[in-house]
Amino acid sequence: LPLDERLANCIIEGSKEGLADDLDLAMLERVPLDIINGPLMAGMDEVGRQFNANQLIVAEVLQSAEAMKFAVSHLEPHMERSDAAVRGRILLATVKGDVHDIGKNLVEIIMSNNGYHVVNLGIKVPPQDLIAGYREHLPDIIGLSGLLVKSAQMMLETVQDFRVAGIRAPVMVGGAALSNRFTRLRIAPEYDGLVAYAPDAMTGLALANLIQD
Ligand code: B1M
């Protein structure tokens, strides 16, 4: 099989066999992020498709997630870093009720490789923990991730709680269940500060840079 298909298959089958060697081969011709956004994401999308069609069970999707995490951690040391002095501080979390963290952790890697100090609160983080985290770390930006449809609603509730708590720091939202439209029309009106939508981690970095400039 061609290299990209082998990489995608490792994710689809949740197998780490030969994965490290194939990632090393891929890095001879491409930068790590292109490998993630290309064959690895293609594999994950296929996992999502098969899961949706009831062709995979949760345990199998977990195996795929493990393979993806392994791949990302193998690539991470080879990712581009900027030596910029600290550009800002970001508080990051997957919202309450949602366990998906591969995308959020990718955001953390890309941000911290590019001059941001990231405080990652983990998954299923309720608004009150984010508010406590904000008060403790005083971040420049709060980043919320969520992949479930109900997570989009949870983000809306989270910024409502931020408003009540008097928080106005820029909020960046991302994750598959979200859209620019939902962010603009539903989430932003519920908040007193800026709310920005990032479809992917690199756009997240670009937005953070814009906010901090
Ligand atoms: Co779940 N899952 N899952 N899952 N899962 C989805 C999201 C789903 C779309 C699958 C499907 O097609 N049916 C579906 C959601 C349906 C919906 O609500 N519309 C779904 C479901 C239903 C579920 C469960 C409910 C299944 C069940 O138990 N019956 C359950 C939910 C549990 C819960 O959260 N309470 C569940 C569980 C799981 C696993 C645990 C098995 C595993 C997650 C493991 C983990 O994360 N540690 C899992 C996985 C792996 C997926 C899919 C297949 C892949 C997600 C992923 O990691 N993608 C997913 C289908 C899919 O997305 N195709 C699916 C790779 C990752 C790099 O991309 O996270 O999108 P992503 O991040 C992107 C961007 O979104 C963006 O940047 C990244 C790329 O650069 N981004 C940000 C993300 N966050 C950002 C934040 C930012 C900026 C950008 O700023 C702050």
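User: What does Thr158 touch, leaving out residues up to four places away in sequence?
Analyst: Thr158 touches Val95, Pro127, Leu130 and Leu144. Keep in mind that this is a predicted model.

User: Which helix is Thr158 in?
Analyst: Thr158 is part of helix H7, which covers residues 149-164.

User: Is Thr158 buried or exposed?
Analyst: Buried. Its relative accessibility is 0%, and buried means under 20%, so Thr158 qualifies.

User: And Ala165, where does that lie?
Analyst: Ala165 lies in the loop between H7 and S4.

User: How does Ala165 count: buried, partly exposed or exposed?
Analyst: Partly exposed, because its relative accessibility is 25%.

User: What does Ala165 touch?
Analyst: Ile131 and Arg135, again not counting residues up to four places away in sequence.

User: How far is Ala165 from His137?
Analyst: Their C-alpha atoms are separated by 15 Å. Along the chain, Ala165 and His137 are 28 residues apart.

User: Where does His100 lie?
Analyst: In a loop. Strand S1 (88-94) is on one side of that loop and helix H5 (102-112) on the other.

User: How many residues surround the ligand?
Analyst: 36 residues surround the ligand. The closest are Gly97, Val99, His100, Asp101 and Ser145.

User: Where does the ligand sit?
Analyst: In the largest pocket. Several elements give two or more residues to the shell around the ligand: helix H3 (32-52), helix H4 (58-75), H5, strand S3 (141-145) and strand S4 (171-174).

User: Which element gives the most to that shell?
Analyst: H3, with seven residues.

User: What about Gly48?
Analyst: There the backbone is involved. One of the N or O atoms in the Gly48 backbone lies 3.1 Å from an oxygen atom of the ligand.

User: And Gly103, how far from a ligand oxygen is its backbone N or O atom?
Analyst: For Gly103, that distance is 3.5 Å.

Key:
Residues numbered from 1 in each chain as written. Predicted model: local features only at pLDDT ≥ 70, side-chain atom pairs only at ≥ 80, totals over all residues. Heavy atoms only, no water. Helix = DSSP H or I, 4+ residues; strand = E, 2+ residues; numbered from the N terminus. Buried < 20%, exposed > 50% of the residue type's maximum accessible area, 1.4 Å probe, protein only. Contact = heavy atoms within 4.5 Å. Near = heavy atom within 4 Å. Polar contact = N/O pair within 3.5 Å; in protein donor to acceptor, adjacent residues only side chain to side chain. 1 Å grid on protein atoms, 1.4 Å probe; cavity = no way out; pocket = protein on both sides within 12 Å on 5 of 7 lines; lining within 4 Å. Sits in = over half its atoms within 2 Å of the grid points.
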